[in-house]
Amino acid sequence: MVKAVIGDETQLTSAEDRLSQSGLTSQVGLVIGKLSSKLDRGFIFDLVPTPSNDAGEPACSLLETTKDDNKRKGSKSKSQPACDSSSLNIDSDWVAEHARQVSRMLVGGMKVIGVYVWVSDSAFKNSTITLCQLLQTVKGVAEAAPITETDWDERLLIHICYSPRRWTCRNCVLSSNITSSSIRPCDFKMGRVLSSLQAFRCTYNFKLRLPITHESASNSQTLSSILRHAISVHAKELRDAKAMIDGNLVVGEELCTTDGMHEVELLLPFTKNSLVEASSQKDVAGVLVFGGSVCSYAYSNSKEPLMLAVADIKDDIIRSLKSRLDIICDEADENPDPIDNDCKESRLEKLPEKPISRLVLNSLRKTCFLTFPRRVFVPWLAGTFICDYLQPSETVEVLKEHCVELMSMEAPTDPSKYLQPEVEAPSLITESFWDITVPNHFASGSSLDKSRQVDMSVESSRRTNQPFNFNVFAAVCFLVLAILVGLVIVRQK
């Protein structure tokens, strides 16, 4: 439970000045920060305003009450200014969509932890409808940008009042039926937050080989659903991984006592190769090869144990993979035209005339290849970084647009300021099902470092079984023939 909240004084003071100079009577946006279970505290890094929707309308506005409403309130309300008889109207769905897209740009230890609203105190308290809207907005943001898979059941609601000037922080407990009883006031103060963060970095190489059974193929599963399941399964394995920070094994509740960038290395436990076991089963239809390299950053408070930083790194890796898949699926849904899968190797065939989100597994009997977006890191606040994703055909100019639209910030004009550790690499050559499942034909471990790309090969085991069965049959026939010839020669002698 969050008992106290500390906001970065530099950023929140700047946000307050920006709001007071804007002349706006209302604004809603996202609270970026971190909720620490170990410290029972919340840390606010910055406030990000929600932009206008596609129709150009603001995400929130003040609605004037009718004359009948004023009569019900009595003569006391008549003496108040016009703005005091207004209620707040919020586009909750648009704020939730903003939270979903912003969460993709945040690295480990940075989350969308709530909602802020800039409005007068009287408009905030004008009706219970305003409070219900705010609570539903907080709930929608929590669903659109979950903190972890198990998820926290708390979010923050920040009210910045300009008449009189005051900050109020409330803790919202999420539930299926969120009401006014779900919020509690909590202590709020400003101080040093961003400058006290510890930075961690990890380059995670992986290569997963997943068998595709006839049962899953016959169920009309899409490649996107298969990949999403594979990422979730790998997330469970990743949680059990040990970690080394700066060459030292992380054990217990030890704290980080040094400054600078800390390098993290994840050590996964040895597991059985499920594909080798599956190759002996008759229902295997093909194989999905999913591999590449993910660069991850995470930020942790100096008072938090190192184990939390490791957990943030693991969470960031999984969220990054899911975000890339979501980006591909979102673009495919917006653009139904066939996706471009140009390949230099002649034997790698193009994907069918459908986006990946609609590709049905049982329609794929040939090798297909897909490149995931690469991750680029953008300088943010006080030496920290946020991230964005670029398709192979995109440049950093796209990042600038995203930063202005989603994060309300000006991105650097100098391309050298961006960190691009996931550089483009040569394409991996897909392997046949039996080449992958037979241990003697495994690819070398160095191929893990080559690419951030995803190699998806779904090949028919019947096709690969044909040459294998023919070779066995030919060998048996030759052996029988040799025995017969030998018997004939012996009898003649």
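Which strands does helix α1 (residues 9-22) lie across? In this predicted model, local features need pLDDT of at least 70 and side-chain atom pairs count only at pLDDT 80 or more, whereas totals for chains, interfaces and linings use all residues. Residues are numbered from 1 along each chain as its sequence is written, and side-chain values use heavy atoms, with hydrogens and water left out.

Helix α1 lies across β1 (4-8), β2, β3 (41-49), β6, β7 (154-162), β8 (165-173) and β10, and runs at about 35° to β3. Helices (H or I, at least four residues) and strands (E, at least two) are DSSP runs numbered from the N terminus, contact means heavy atoms within 4.5 Å, and angles, from 0 to 180 degrees, are taken between the N-to-C directions of lines fitted to C-alpha atoms, for helices over the stretch in contact.

The open sheet has 8 strands in the order β9-β8-β7-β6-β2-β3-β1-β10, with mixed pairing, where two strands pair if DSSP finds at least two bridges between them. Because β9 (183-185) and β10 (187-191) stand at the edges with a single partner strand each, one side of each is left without a neighbour in the sheet. From one strand to the next, the twist averages 30°. Strands β2 (residues 27-36) and β6 (residues 111-118) run antiparallel and are joined by 7 bridges, and G33 has K111 in β6 as its bridge partner.

Leaving aside neighbours within four places in sequence, R165 is in contact with E16, S20 and W118; R165 and S20 are 145 residues apart in sequence, yet 9.6 Å apart in space, C-alpha to C-alpha.

The structure holds 0 disulfides (pairs of cysteine sulfur atoms within 2.5 Å). The sulfur of C186 is 3.3 Å from the closest cysteine sulfur, in C169, too far for a bond, and the sulfur of C172 is 8.7 Å from its closest, also in C169. C172 counts as buried at 0% relative accessibility, as does C186 at 12%.

Notes
Buried means under 20% relative accessible area, exposed over 50%, partly exposed in between (1.4 Å probe, protein chains only).
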